[in-house]
Amino acid sequence: MIGFDHWIRTVSLIAQTDPGVNVDVGTTNGLFGGAISAFLTTLVVGAIMVAIFPAYTERLMGEVLEDPVNSFVYGLFSLVALIVLTIALVITIIGIAVAIPLILVASLVWAIGAAIAYLAIAERLVGRGDGWLKPLLVASAINGVLALTGVGWILSVCIGAAGFGAMLRKYLE
């Protein structure tokens, strides 16, 4: 029969044993790193769009706010089509040379569309009476907080799809 002292020694040995796995989770990994990345991406892309293409940005923000459902549907449909097309290109092996630039361009268009959608939401919340700084910071904060929650990615994808769809709608109609 195993005594109580033997059980205590066994548990303490198991607790002290080094499993050989050393995972260092810093601020650049996980939810916190994703939140920082989402915040900075929205801030930088939004600032570039506002500085270089202010009229285009305002027009797309209006489209996202005017018809968010159609923008979302176009964005979601386009995202699914891009995923299917990319998988088909990668399967053909030769298509990898086309799939890589396609993914890069689609990621850039997605980032721009998402930033515009977040700016539209932020402008609706805080207005733009004293310039673009406040809406840029609020839009970035919304994206960062959604990324930080862990389950906010679902809403974040919906918002990004609405912006993505608003950008692609004129080409798909």
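Reader: I'm new to this. Where does Phe32 lie?

Author: Phe32 lies in helix H2. Helices here are DSSP runs of H or I with at least four residues, numbered from the N terminus. This is a predicted model, where local features need pLDDT of at least 70, side-chain atom pairs count only at pLDDT 80 or more, and totals for chains, interfaces and linings use all residues. Residues are numbered from 1 along each chain as its sequence is written, and side-chain values use heavy atoms, with hydrogens and water left out.

Reader: Is Phe32 buried, partly exposed or exposed?

Author: Buried means under 20% relative accessible area, exposed means over 50%, and partly exposed is in between (1.4 Å probe, protein chains only). Phe32 has 44% relative accessibility, so Phe32 counts as partly exposed. Ser78, in helix H4 (residues 68–91), counts as buried because its relative accessibility is 8%.

Reader: What does Ser78 touch?

Author: Contact means heavy atoms within 4.5 Å. Leaving out residues up to four places away in sequence, Ser78 touches Phe164, Leu168 and Leu172.

Reader: Thanks! Now, which residues of H6 are buried?

Author: They are Pro135, Leu136, Ala139, Ser140, Asn143, Gly144 and Leu146. Seen down the axis of H6, these buried residues fall within an arc of 165°, so they line one face of the helix; the arc is that of the directions from the helix axis to the C-beta atoms. Their cover includes H2, helix H5 (96–126) and helix H7 (153–172). After H6 comes Gly150, with a positive phi near 90°.

Reader: How should I read a salt bridge, and how many are there by this rule?

Author: Side chains of opposite charge can pair when their charged atoms come close. The rule asks for a side-chain nitrogen of Lys or Arg within 4 Å of a carboxyl oxygen of Asp or Glu. By this rule the count is 5 salt bridges. In one of them, the side chains of Arg59 and Glu63 meet at 2.9 Å, N to O. These two are 4 residues apart in helix H3 (residues 54–66), so about one helical turn separates them.

Reader: Which distant parts of the chain does a pair link?

Author: Look at Asp67 and Arg169, whose closest N and O atoms are 3.5 Å apart in a salt bridge. Asp67 is in the loop between H3 and H4 and Arg169 is in helix H7, 102 residues apart. Asp67 is partly exposed, with a relative accessible area of 23%, whereas Arg169 counts as buried at 15% relative accessibility.
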